[in-house]
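Please look over the sequence and the model shown below before reading on.

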Amino acid sequence: FIRFVGWCRKAGIQVWPDVHTAPGSQNGFDNSGRLMPGEPTCTRWSESPININRTLQSIQEITSTIKDDGLDDVITGFGILNEPFEDCDIETVREFNRQAYDIVRTTLSPETAIYIGDMFHSKNWNDGYWIDSTKYTNTYLDSHYYHVFAQEPRALSPKQHIAYVCGKNSRDTTACCYEDYEYDNRTQPSQGISRIIGEWSASFDTLVVTKLYDVMQGISKTGEAPEYDRKISKPRQDFLRNFVEAQMVTYEARDVGISSGWFYWTLKMEGGAFAEWDFLRGVEEGWIPRIPDPSVDSQDKYGTCHAIASRTKDDMSIVNPFPDPSTLPDHNWQGVDIDDDYVVSHADSLTDDNEEEEEETPEFEEETIAKTVTSPRVDATFTDFKDFNPIKTTKTASEVPVPPPAADGTAIPEDTATNAIAPPSSETTAATATNNNGEHHLSLMPFLFFAFVGYAAYRVFRGNSARRQQHQYTTIDTPSSLTV
């Protein structure tokens, strides 16, 4: 890791590691370091003061080591916990966030960027949480959007996929975070915590968990990975380009002003089975556009999300849901219901006034800038979590999330669960970003995903400065960020 950070220093790339695994598992997913049997749940972590304390101790040790090894000029951001599940007690998570925030900003720097998970419901955080600009500037509520982890979205038509982005994904993005959170018509973006979409991809019809199982089985039987040389057809590439542009536009949320940008998951893949997750391949083949300069909004280059949906061909021949939804039990913990009129109508339900056409815009050359951040060493302290007594909540049977299928669509047997608790890991993410001064940077960090090493690309654009000025706010000055 030290060698990796050294490479990033030479290239002028920032590193933002995150804690992807927690003792006991914060969600029961394989990417938490412990694949649990039965339904996904946070309770093995959130209801265990011992496991919460171990997580805080790990954050203390990781950040202290970063400081001791002289890496804090490159490591300028930190994610305190990836994807705590929706059944976590929210007051417990908020107290954990408070203590983890104090550790990171005391050990590394008071300006260190901090991002936290939204527990799959961003609207639950729109209650004044962390909006104080005197303390919580350069903090981010992180959401992850995919169309492949529930049966219904995988079977959508091309137009419906983009309509789903313009509808549900857009509503979830703009559900938080505001100064005037008490009102239904919210117009004043938070001057403290902002928004990032920390994971999304171009994959739209293949359940990666099941496909990975098939690939590994193929390797074990023949020594070769199935679909290693897979090619993406031109009609499918054309759709992917629109799908990616629609997400870029939506996750930047220019017209609302609450988002600071996005991460693409992932930068590089091996083989063709997971090609739609491969950012570099997408750019090379043209179905992912070169990322605009952070001073340029994607909407100015590609049009509105609705305009992109309007120009998308609704060619069902490119949609190949895998596995076949009819072969799977009705597991849907994400609560996905395809009942939005805009989605159901294949993006035809908007009025003529709202069906905007894409306007031609000039191409912009990208600029590169590099600056360095340093900070003094301060020892961190935190309160033992055992003294915290959160308000307990209960769920009715109808509220308990339904477990997702295993690789073969069946329940995961007890003896297949990993018994060892994995130590905190980090997630690799490449990124262009902006701080509150409108300066741009590129971030990168390592991770292990579904048994293979990959990378992720993200863009955080000029939102913190330009958007907040647009909404008549004065931004808080922060030190310059390392930029590329």
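The text below turns to the cavities, then to the aromatic rings.

This is a predicted model, in which local features need pLDDT of at least 70 and side-chain atom pairs count only at pLDDT 80 or more, while totals for chains, interfaces and linings use all residues. Residues are numbered from 1 along each chain as its sequence is written, and side-chain values use heavy atoms, with hydrogens and water left out.

Six cavities of 30 Å³ or more are found in the structure. A cavity here is a set of points, on a 1 Å grid over the protein atoms alone, where a 1.4 Å probe fits but cannot get out; lining residues have an atom within 4 Å of a point. The second largest cavity holds about 60 Å³, a volume being the space filled by probe spheres set on the points. Its lining consists of E83, P84, G117, D118, M119, F120, D142, S143 and H144. Strand β3, residues 139-144, contributes the most to this lining, with three residues; strands are DSSP runs of E with at least two residues, and helices are runs of H or I with at least four, numbered from the N terminus. By class the lining divides into three nonpolar, three polar and three charged residues, where Ala, Val, Leu, Ile, Met, Phe, Trp, Tyr, Cys and Pro count as nonpolar, Asp, Glu, Lys and Arg as charged, and the others, Gly among them, as polar.

F120, one of the lining residues, leads on to the aromatic pairs. These number 23, with rings of Phe, Tyr and Trp (its six-membered ring) paired if their centres lie within 6.5 Å, and planes under 30 degrees apart called stacked, over 60 edge-to-face and the rest tilted. The rings of F29 and F120 are 6.4 Å apart at their centres with planes at 75°, so this pair is edge-to-face. Because F29 lies in the loop between α1 (2-11) and α2 (43-46) and F120 in the loop between β2 (113-117) and β3, the pair ties together parts 91 residues apart in sequence. F29 is buried, at 16% relative accessible area, whereas F120 is partly exposed at 25%; buried means under 20%, exposed over 50% and partly exposed in between, with a 1.4 Å probe and protein chains only.

Y146 and W277 form a tilted pair, 5.3 Å centre to centre with 45° between the planes. Y146 lies in the loop between β3 and α5 (151-154) and W277 in the loop between β5 (259-265) and α9 (279-285), so parts 131 residues apart in sequence are tied together. Y146 is buried at 17% relative accessibility, and W277 is buried at 3%.

Ring pairs also link Y145, W200, Y251, W262, Y264 and F279 into a cluster.

Methods
On a 1 Å grid over the protein atoms alone, a cavity is a set of points where a 1.4 Å probe fits but cannot get out, and a pocket is an open set with protein on both sides within 12 Å along at least five of seven lines; lining residues have an atom within 4 Å of a point.
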